[in-house]
Amino acid sequence: MNDKKKSYIRFQNVSKTYFTPAGDVPALKTLNFEIQRASFVGIIGKSGAGKSTLVNMLTAVDNLTHGELWVDNTPLHNLSQDQLTRWRGENVGVIYQSFELLNQLSLLENVMLPMDLCGKFIPFESPKRAKQLLEQVEIGDHAQKTPDLISGGQRQRVAIARALANDPDLIVADEPTGSLDSQTSEVIFQIFQDLVNRGKTVVMVTHDRNLASRFDHLLFLEDGEVIKEKKRGKND
Ligand SMILES: Nc1ncnc2c1ncn2[C@@H]1O[C@H](COP(=O)(O)OP(=O)(O)OP(=O)(O)O)[C@@H](O)[C@H]1O
Ligand SMILES: [Mg+2]
């Protein structure tokens with residue numbers, strides 16, 4: 001059911017504590033916020049604020065300690081590990097700061113991998129689809145190269161193409177422009193904006209406050225808490 005008023009993502013009293021031999025680290029403290037579908041969301045905060053921890057909750061690569069996390073009416077807090085893995089493969093594209101591409105594989109094979117693991121597309125179609133995705137981020141000419149032979153900005157584009165492999169509704173990027181020059185970050189930013197314009201929801205971590213005015217919805221994180229939230233009005 002498509003209830004427009006219902007939020008796409010809902011964090012309800014979400015907390016995350018890392019239990020370590022050196023002591024407990026309360027990385028996220030009682031987060032409460034909602035995200036609408038097809039919005040471009042920025043998570044801004046200093047190093048150690050909890051941004052990556054929040055990303056790991058939203059992409060279900062790690063379990064939350066308390067609370068409820070709903071994405072498109074799916075209660076992530078109630079799913080088993082197997083269900084979470086499947087949910088992630090089908091619904092989320094993740095872009096890590098360090099790209100996490102496999103150097104043993106060509107760019108094309110890197111993008112095909114999530115498709116072959118998820119089984120959403122016919123295996124026969126995955127090379128063609130991977131090529132199209134690489135072309136979409138303007139790196140199609142290098143499809144047969146391995147990631148170690150291309151630049152950082154190019155690797156970032158491949159990571160985006162791979163995140164889009166299974167046509168996810170949600171794209172989550174942890175500092176995708178952190179190590180890029182301003183021209184390349186602008187290109188990456190524009191790719192995300194285009195995805196939002198096509199109805200995808202993009203959540204992007206950054207600690208660059210200069211980008212703040214470009215998001216539809218901003219969450220300022222400090223010491224594991226949302227200290228400020230800002231949403232763009234319709235007329236802004
Ligand atoms: N696996 C872990 N075990 C223990 N503590 C952790 C772990 N991961 C993160 N932390 C701690 O949790 C807090 C939040 O870390 P997190 O990585 O989410 O911050 P961040 O905002 O992403 O920082 P950065 O901008 O440097 O990437 C920090 O105090 C960090 O030291
Ligand atoms: Mg981080």
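This is a short chat about a predicted model.

Colleague: Let's start with the sheet. What order do the six strands take in the open sheet?

Modeller: The order is S6-S7-S8-S3-S9-S10. The pairing is mixed.

Colleague: And which are the edge strands?

Modeller: Strand S6 (92-95) and strand S10 (225-231). Each of them pairs on one side only.

Colleague: What does the twist average from one strand to the next?

Modeller: The average is 15°.

Colleague: What packs on that sheet, touching S3 and S7?

Modeller: Helix H1 does. H1 also touches strand S8 (201-206) and S9. Its direction makes about 155° with that of S7.

Colleague: Which helix lies across S6 and S7?

Modeller: That is helix H5, residues 152-163. H5 runs at about 165° to S6.

Colleague: Back to S3 and S9. How many bridges join them?

Modeller: Four. Strand S3 covers residues 40-44, strand S9 covers residues 217-222, and the two run parallel. Look at Ile43 too: it stands opposite Leu219 in S9.

Colleague: New topic. How many residues surround ligand 1?

Modeller: There are 13. The closest are Tyr18, Ser47, Lys51, Ser52 and Thr53.

Colleague: Which element gives the largest share of that shell?

Modeller: H1, with three residues. Strand S1 (9-20), strand S2 (23-35) and helix H1 (51-58) each supply at least two.

Colleague: How does the shell split by class?

Modeller: Eight residues are polar, four are nonpolar and one is charged.

Colleague: Now the inside. How many residues are in the largest nonpolar core?

Modeller: It has 59. Val41, Val111, Leu134 and Val172 have the most contacts inside it. As background, nonpolar side chains in soluble globular proteins tend to be buried together.

Colleague: Take Val111. What does it touch, leaving out residues up to four places away in sequence?

Modeller: Val111 touches Ala130, Leu133, Leu134, Val158, Ala161, Arg162 and Ala165.

Colleague: One last residue. Where is Gly178 found?

Modeller: In the loop between strand S7 (170-174) and helix H6 (182-197).

Colleague: Why does Gly178 count as partly exposed?

Modeller: Because it has 15 C-beta neighbours inside 10 Å. A buried residue needs 20 or more, and an exposed one has 12 or fewer.

Colleague: And what separates the C-alpha atoms of Gly178 and Gln81?

Modeller: A distance of 31 Å. Along the chain, Gly178 and Gln81 are 97 residues apart.

Note on methods. Residues are numbered from 1 along each chain as its sequence is written. Chains are lettered from A and ligands numbered from 1 in the order in which they are written. This is a predicted model: local features need pLDDT of at least 70, side-chain atom pairs count only at pLDDT 80 or more; totals for chains, interfaces and linings use all residues. A residue is near a molecule or strand if its C-beta atom, placed from the backbone, lies within 6 Å of it. Ala, Val, Leu, Ile, Met, Phe, Trp, Tyr, Cys and Pro count as nonpolar, Asp, Glu, Lys and Arg as charged, and the others, Gly among them, as polar. A nonpolar core is a set of buried Ala, Val, Leu, Ile, Met, Phe, Trp, Tyr and Cys residues joined through C-beta atoms within 7 Å. Two residues are in contact if their C-beta atoms, placed from the backbone, lie within 7 Å. Two strands pair if DSSP finds at least two bridges between them. Axes are lines fitted to C-alpha atoms, for helices over the stretch in contact, and angles run from 0 to 180 degrees between N-to-C directions.
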